[in-house]
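Some labels in a structural description rest on a value set against a cut-off, and a reader new to a model may wish to see how each label is reached. The questions and answers that follow take up such labels one by one.

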Amino acid sequence: MSRFDWQDEKLSELGPRVKKTLRARMRATRRALPAAALAARSARIVHALSGIEALRRARAVGLFWPIEAHSEVDLRLLDAELEGRGVARYYPFMDPSDKGHVTGFRRIGRTAELELRGQEFAEPPRDAQLALRGDLDLIIVPALGATPEGHRLGFGSGFYDATLPDHCP
């Protein structure tokens, strides 16, 4: 396997050096995208997500606010659509603790409640309703890249690796 021939491999089986190289390559690709291209891709992704039956039936969804410095997919139009349908929206948080961080999702009523609190991403207020196991029907997560089989390559900090098993084992 060459350094970048990862399409047929599970990302979990790749070594740390290969993942680091892939992440650097994906970050550079994202930085090279013009704003109009990112907006067009975001609109196509929101359109595709809106057509998924599980999302149309969902009563509560975990989303993420885009980190613009990372050129992340912008799901704000999807958030607005879900809000208009009365779907409960939850966003990730990271609270400092004695052992590192406590992670999870908290409910918002309006996106204006999201704020930067020391992480790179906007988080719900600390007193917002916490999502418990079974509360979320669907969680949409960001990715730097993915294999054709859907194996996700994230940023490498492990937030979703630590958080998702609490919601969807």
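Q: What pattern does the protein follow when it is read along the sequence?
A: In this predicted model, the order along the sequence is α-α-α-β-α-β-β-β-β-β-β-β-α, and the secondary structure comes to five helices and eight strands.

Q: Why is the protein called as compact as a globular protein of that length?
A: The globule rule gives 15 Å for 169 residues, and the radius of gyration of the protein is 16 Å, which is close to that value, so the protein counts as being as compact as a globular protein of that length. Along its principal axes, the C-alpha trace spans about 45 × 40 × 30 Å. Of the 169 residues, 37% count as buried, and among the contacts with a separation of 6 or more, 59% are made by residues 24 or more positions apart.

Q: What makes β3 and β6 the edge strands?
A: The open sheet is formed by four strands in the order β3-β2-β1-β6, and its pairing is mixed. Both β3 and β6 (138–139) pair on one side only, and each is therefore an edge strand of this sheet.

Q: How do you know that β1 and β2 pair?
A: Two strands pair if at least two bridges are found between them, and β1 and β2 are joined in the parallel sense over three bridges. As one example of a bridge, Gly-62 has Tyr-90 in β2 as its partner.

Q: In which sense do β2 and β3 run, and how many bridges join them?
A: The two strands run antiparallel and are joined by nine bridges, against the at least two that pairing needs. A hairpin through two residues connects β2 to β3, and Tyr-91 has Arg-106 in β3 as its bridge partner.

Q: Why is Tyr-91 called buried?
A: Buried means a relative accessible area under 20%, and Tyr-91 has 1%, so Tyr-91 is buried. Tyr-91 is found in strand β2, and, not counting residues up to four places away in sequence, the residues that Tyr-91 touches include Leu-63, Phe-64, Trp-65, Asp-79, Phe-105, Arg-106 and Pro-124. Although Phe-64 is 27 residues apart from Tyr-91 along the chain, their C-alpha atoms are separated by 5.6 Å.

Q: How do you know that Arg-106 lies over the face of Phe-93?
A: For a charge to sit over a ring, CZ of Arg has to be within 6 Å of the ring centre and within 35 degrees of the ring normal. Arg-106 is at 3.6 Å from the ring centre of Phe-93 and lies over the face of that ring.

Q: Which residues touch the most other members of the largest nonpolar core?
A: This core has 27 residues, and those that touch the most other members are Val-61, Leu-63, Leu-75, Leu-78, Leu-82, Tyr-90 and Ile-140. Two or more residues come from each of α2 (35–50), β1, α4, β2 (88–97), β3 (100–108) and α5 (159–163), and β2 gives the most, with four residues. Ile-140 touches, leaving out residues up to four places away in sequence, Leu-49, Val-61, Gly-62, Leu-63, Phe-64, Leu-75 and Leu-78.

Q: Why do His-70 and Ser-71 count as buried?
A: The cut-off for buried is under 20% relative accessible area; His-70 has 18% and therefore counts as buried, and Ser-71, at 16%, counts as buried as well. His-70 is placed in the loop between β1 (60–62) and α4 (76–84), and Ser-71 lies in the loop between β1 and α4 too. Phi of Ser-71 is near 55°, which is a positive value in a residue other than glycine.

Technical notes:
Residues are numbered from 1 along each chain as its sequence is written. This is a predicted model: local features need pLDDT of at least 70, side-chain atom pairs count only at pLDDT 80 or more; totals for chains, interfaces and linings use all residues. Side-chain values use heavy atoms; hydrogens and water are left out. Buried means under 20% relative accessible area, exposed over 50%, partly exposed in between (1.4 Å probe, protein chains only). A nonpolar core is a set of buried Ala, Val, Leu, Ile, Met, Phe, Trp, Tyr and Cys residues joined through side-chain atoms within 4.5 Å. Contact means heavy atoms within 4.5 Å. The radius of gyration is taken over C-alpha atoms; the globule rule is 2.2 Å times the number of residues to the power 0.38.
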